[in-house]
Amino acid sequence: MAEHNFDVVILGGGSGGYAAALRSAQLGKSVALIERDKLGGTCLHRGCIPTKALLHSAEVADVTREASHAGVQANFVGIDMPQVNKYRDGIVDRLFKGLTGLVGSKNITVVAGEGRLVAPKTVAVNGDHYTGKNVVLATGSYSRTLPGLEIGGRVMTSEHALALEFVPGKVIVLGGGVIGVEFASIWKSFGAEVTIIEGLPTLVPNEDAAVSKAMERAFRKRGIEFKTGVRFSGVTQSATGVVVSLESGETLEAEILLVAVGRGPNTAGFGYEEQGVKVDRGYVLTNDRLETSVAGVYAAGDIVPGLQLAHRGFQQGIFIAEEIAGLNPVTIDENGIPKVTYSEPEIASVGLTEAKAAEKYGADNISTYEYNLGGNGKSQILGTTGFVKLIRQNNGPVIGIHMIGSRVGEQIGEAQLIVNWEAYPEDVASLVHAHPTQNEALGEAHLALAGKPLHAHA
Ligand SMILES: Cc1cc2nc3c(=O)[nH]c(=O)nc-3n(C[C@H](O)[C@H](O)[C@H](O)COP(=O)(O)OP(=O)(O)OC[C@H]3O[C@@H](n4cnc5c(N)ncnc54)[C@H](O)[C@@H]3O)c2cc1C
């Protein structure tokens, strides 16, 4: 058994872990980064990147189908799934090589193997001990299922769905959150019949109610079926398909069932609690400086309660590295973290929903404005509908921006600056937005909320 000592020992090389490693190395620390699988974690290999590649293929399929409308002669023949997967894997491989090279070029020792906390600041890997002056836990998350719902065969999670070599004829997606609607969108564009089952009353239930409603309208128009406010009660599978039963007594048949009911923290069996790290339902509890109940042991990413997003993990990793280096970084405001759902249509949001804003400030103390993409030239060219919805505190800053429509995810950058810099609509109204872009819709919405609408009917 060998003993190794580092300034920072990081368990898990996903978004949270590798960001902490890169920033720590930049700040002159010696770093051990322990990873049992591949650097890049869920986001690069099984999450953000591969799903967005599939969504791009889906968009190309839709554009091809609709090409004649724009005067382009093209025939949509079908989806070559092995080629789609090759295209996707090529992107993941290139990014993986880039990341491996980047980490390799720094003062970071990558340790391959599964780590376990054996003392508050010591991780054992393959019999060796890695002790850090500080330790960062970043072991990520796994696809959850429901009690009694066994994964296997035709009942699969997103990991298995990404590995499919064919387009299923008919799919049931259990869960109408981000991952569920993204896969539903992909499969519909690829030609499958899709039904989503969501226990809560709406699709994308974490979004502003107006966005959820618009998403349902858009999916209905696309022929994506969904049942909301209904609970799953069981599934049986045969050699050819699945039969899903609902608590309402209804049964549905399909080729596969995708279980997309959320992700749980990957913390069991790694010695956290044994070493005094407080855990609640598997999540590692931290203070707002991301330090766990053990001094000098920090946690980042999906194991920390809150939004499970890669860019939150990056930011937390950077924060922890700076905290360890004594730079006293500004705490991360969870509410200011931008969110994008990359389905067709896309959803992009930051800040409070109208309901949350009314709860926090009182309904009389906020104002909202919805700018319809019908008035936006570029959106008309793209053939998309949707809106930009703003929420402001009366005589105060913009506290929520919610967008839906094709490609609106690309507008989240300005939206998050507005909310996080606590801009007033009047401030944004004086900034020039290029014409014709979808970005103008943000400008127009702020003009209107500042009381001087230009291309707006209301
Ligand atoms: C289908 C899907 C789509 C997604 N799309 C998006 C998106 O578009 N945008 C977005 O922001 N987020 C997206 N996410 C979420 C995003 O992937 C996660 O928020 C992010 O990966 C979390 O980073 P992390 O570092 O906490 O964990 P992970 O990325 O899960 O990394 C944890 C790493 O730790 C390793 N590990 C675990 N235990 C040990 C151990 N004991 N020893 C050694 N190594 C260990 C794992 O192998 C893994 O590499 C998506 C997720 C999924 C599943």
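Five strands make up an open sheet in the order β20-β21-β24-β23-β22, with antiparallel pairing, where strands are DSSP runs of E with at least two residues and helices are runs of H or I with at least four, both numbered from the N terminus, and where two strands pair if DSSP finds at least two bridges between them. The structure is a predicted model, in which local features need pLDDT of at least 70 and side-chain atom pairs count only at pLDDT 80 or more, while totals for chains, interfaces and linings use all residues. Residues are numbered from 1 along each chain as its sequence is written.

Because β20 (339-341) and β22 (366-372) stand at the edges of the sheet, each with a single partner strand, one side of each is left without a neighbour in the sheet. Neighbouring strands of this sheet are turned by 10 degrees against each other on average, direction ignored; angles run from 0 to 180 degrees between N-to-C directions, and axes are lines fitted to C-alpha atoms, for helices over the stretch in contact. β20 is joined to the antiparallel strand β21 (residues 346-351) by three bridges, and Val340 has Ala348 in β21 as its bridge partner.

Helix α9 (residues 354-361) lies across β22, β23 (387-393) and β24 (398-405), and runs at about 165 degrees to β22. Helix α13 (residues 439-449) also packs on the sheet, where it touches β22 and β23, and its direction makes about 140 degrees with that of β22. Contact between two residues requires that their C-beta atoms, placed from the backbone, lie within 7 Å.

A hairpin is formed by β13 and β14, with four residues between them, and Gly249 in the turn has a positive phi of about 100 degrees. Four bridges join the antiparallel strands β13 (residues 242-246) and β14 (residues 251-254), and Val242 is partnered by Ala254 in β14.

The axes of helix α1 (residues 15-26) and helix α8 (residues 310-324) come within 7 Å and cross at roughly 35 degrees. By class, the contact of α1 with α8 has eight nonpolar, seven polar and two charged residues, where Ala, Val, Leu, Ile, Met, Phe, Trp, Tyr, Cys and Pro count as nonpolar, Asp, Glu, Lys and Arg as charged, and the others, Gly among them, as polar.

Around the ligand there are 37 residues, of which Gly12, Gly14, Gly41, Gly140 and Gly301 come nearest, a residue being near if its C-beta atom, placed from the backbone, lies within 6 Å. The shell around the ligand divides into 10 nonpolar, 20 polar and seven charged residues, and α2 gives the most to this shell, with four residues.
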